[in-house]
Amino acid sequence: MDTAWAPASEIAAAVADGRTSASAVVRAALARIVADDPVLNAFTAVLEDRSLAKARAIDAARLAGRPLGALAGVPFAVKNLFDVAGLPTLAGSKINCERAPAMRDATLIERLEAHGAVLVGALNMGEYAYDFTGENVHYGPSRNPHDVARMTGGSSGGSGGAVAGGLVPLALGSDTNGSIRVPASLCGVFGLKPTYGRLSRAHTFPFVASLDHLGPLARSTRDLALAYDAMQGHDGDDPVCAPRPVEPVAAEIARGSEGLRIAIAGDYFRAGAFPEAQTALARVAAALGVTTEIELPEAKRARAAAYVITAAEGGALHLARLRTRAHDFDPAVRDRLIAGAMIPAALVTKAQKFRRWYREQVLALFAGVDAVLAPATPCTAPRIGQQTFVLDGVELPVRANLGLYTQPISFIGLPVVAVPVPLEPLPIGVQIIAAPWREDVALRVAYALEQSGAVAASRPSPERDKRARR
Amino acid sequence: MAKRAKSSKSKVRARRARAKPRVAAMPPKPGRKAAQRNSLDDLVDAAARALDLPVAPQWRGAVKGNLAVTFALAELFADFPLPDDAEPAPVFSA
């Protein structure tokens, strides 16, 4: 079995029936990290002893005839804003290096490991998650496995790079305004941003409390579903985590898109997209036979309101650190946070009022459709260090605008699967957006697209990789 | 007649847009000559004092630039008509 590119579901099946061992799978993952991470820069910590011990325990459980979880022996890694017992929770910053090591794992790590997954490390990210590029002035940029001179996207840059580069089949990230969907798009992998409040955020470093989500990135829809099912369930440690029953989806995805009403988001989501984003969207729509277009009302205002709430809440969160440690921030993040701390409260309150109005308008649309398609990013991966791009004839900063199409969706907490369209030379993602609590719908559409061949996580060319190493 | 004239202007604008992108919503680049003092300077000075938040001279341009972007975006929704009793999105329950 080629565990570098095998789906998590196949690894778990092979471990369960003894075709391979968890120890062999984890050792292979650790070896790939040693070999490839010096270029990809996806990892900030590797947990060799811990992961091998966990793998041995799984192998022992199998020999003893005990039942194994649905993710038995599957190596995974987490964005370094997740608490990992024994590590300081960096959240991409230099300042947090001085934090005491976490006393326990984040809830979602515990839940994945309870189903047999094996944590192998912590992943690079944009500082304090205020980023769409995957660049980091302290730890270096995470690099796109399809072209290591290009961005992974952020802020879950290491998560996208580790999965796309074949280091692990599964990673966790966070998404406040698009930080799972942007790297999934630029790295050509699948990403799930669940409904706001679906998955526990307990024991992770926050960014914008009213917008923060956590979720998985993987190379197949089935793997997203397996991980998502393992992580569902109420958690009293996160006041936002909804007291809803677990609603498993892994057995549902094979139903595909039959009977679902799907439309393309028009207007705002059509403007500014580069040709590759339009091609990807057209390919996905054609595969589904979708021609209907709908308008998400006032999406431009929604994006603006999300921007203001993010800046203000981010500035408030970091105010004490900005007073005393401003020189230790990434300058690009620091200047945005300082400005955010100065935003008048009246604008933030209005943004939150507008948010409820916008939510009601968009939810009304779901009376007529089950899923909506939209680009995930306006373009494929920009070069690392690229400061601006031109959208609709206007030069804009890359860092703040790669999430142009993701922000109006997370603003009201809708569940989204980002699916990768394997264009050449670089992949790009499309968002499948569903009504609140209907992750099953988005995952069914993603699975149908995967079965049709329209979307897939394409393996980076070894030749390209060799060129990068020379 | 008027319609034709408008269309011609639009084409000229479109050609100009292709030839040279407009620069909008851009924080100033480091080292760019400081812009003239304006109301954002007053806000930065007052907020920095009130919040006890140091703003080094070399950061000031970028902070002002980010505030300018924020206010430009806020204009999109600040006057959006909503009733006084519109409930903000986060709802607290005791």
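Colleague: Hi! Before we start, what are helices here?
Modeller: Helices are DSSP runs of H or I with at least four residues, numbered from the N terminus. Keep in mind that this is a predicted model.

Colleague: Thanks. Which helix gives the largest share of the lining of the second largest pocket?
Modeller: That's helix H12 of chain A, residues 345-365, with 4 residues in the lining.

Colleague: And what volume does that pocket have?
Modeller: The second largest pocket comes to about 710 Å³. It is lined by 25 residues, and those closest to its centre are A:Tyr196, A:Arg356, B:Ala89, B:Pro90 and B:Val91.

Colleague: How many of the lining residues are nonpolar, polar or charged?
Modeller: The lining has 15 nonpolar residues, along with 7 polar and 3 charged ones.

Colleague: Switching topic: how many residues does each chain bring to the contact?
Modeller: Chain A brings 39 residues and chain B brings 40. Together the two chains bury about 3,600 Å², with 73% of that on carbon and sulfur atoms.

Colleague: How many salt bridges and polar contacts are there between them?
Modeller: The salt bridge count between chain A and chain B is 0. For polar contacts, there are 10 residue pairs, both residues at pLDDT 80 or more.

Colleague: Which parts of chain A supply residues to the side that touches chain B?
Modeller: Several elements give at least two residues each, including helix H9 (299-317), helix H11 (331-341) and strand S12 (388-391). H12 of chain A gives the most, with 9 residues.

Colleague: What about classes on that side?
Modeller: The side of chain A that touches chain B has 21 nonpolar, 14 charged and 4 polar residues.

Technical notes: Residues are numbered from 1 along each chain as its sequence is written. Chains are lettered from A and ligands numbered from 1 in the order in which they are written. This is a predicted model: local features need pLDDT of at least 70, side-chain atom pairs count only at pLDDT 80 or more; totals for chains, interfaces and linings use all residues. Side-chain values use heavy atoms; hydrogens and water are left out. On a 1 Å grid over the protein atoms alone, a cavity is a set of points where a 1.4 Å probe fits but cannot get out, and a pocket is an open set with protein on both sides within 12 Å along at least five of seven lines; lining residues have an atom within 4 Å of a point. Grid points are joined across faces, edges and corners, and a volume is the space filled by probe spheres set on the points. Ala, Val, Leu, Ile, Met, Phe, Trp, Tyr, Cys and Pro count as nonpolar, Asp, Glu, Lys and Arg as charged, and the others, Gly among them, as polar. Contact means heavy atoms within 4.5 Å. Buried area is the accessible area (1.4 Å probe) that two parts lose on being put together, summed over both. A salt bridge is a side-chain nitrogen of Lys or Arg within 4 Å of a carboxyl oxygen of Asp or Glu. A polar contact is a pair of N or O atoms within 3.5 Å; within protein, one must be able to donate a hydrogen and the other to accept it, and residues adjacent in sequence count only if both atoms are side-chain atoms.
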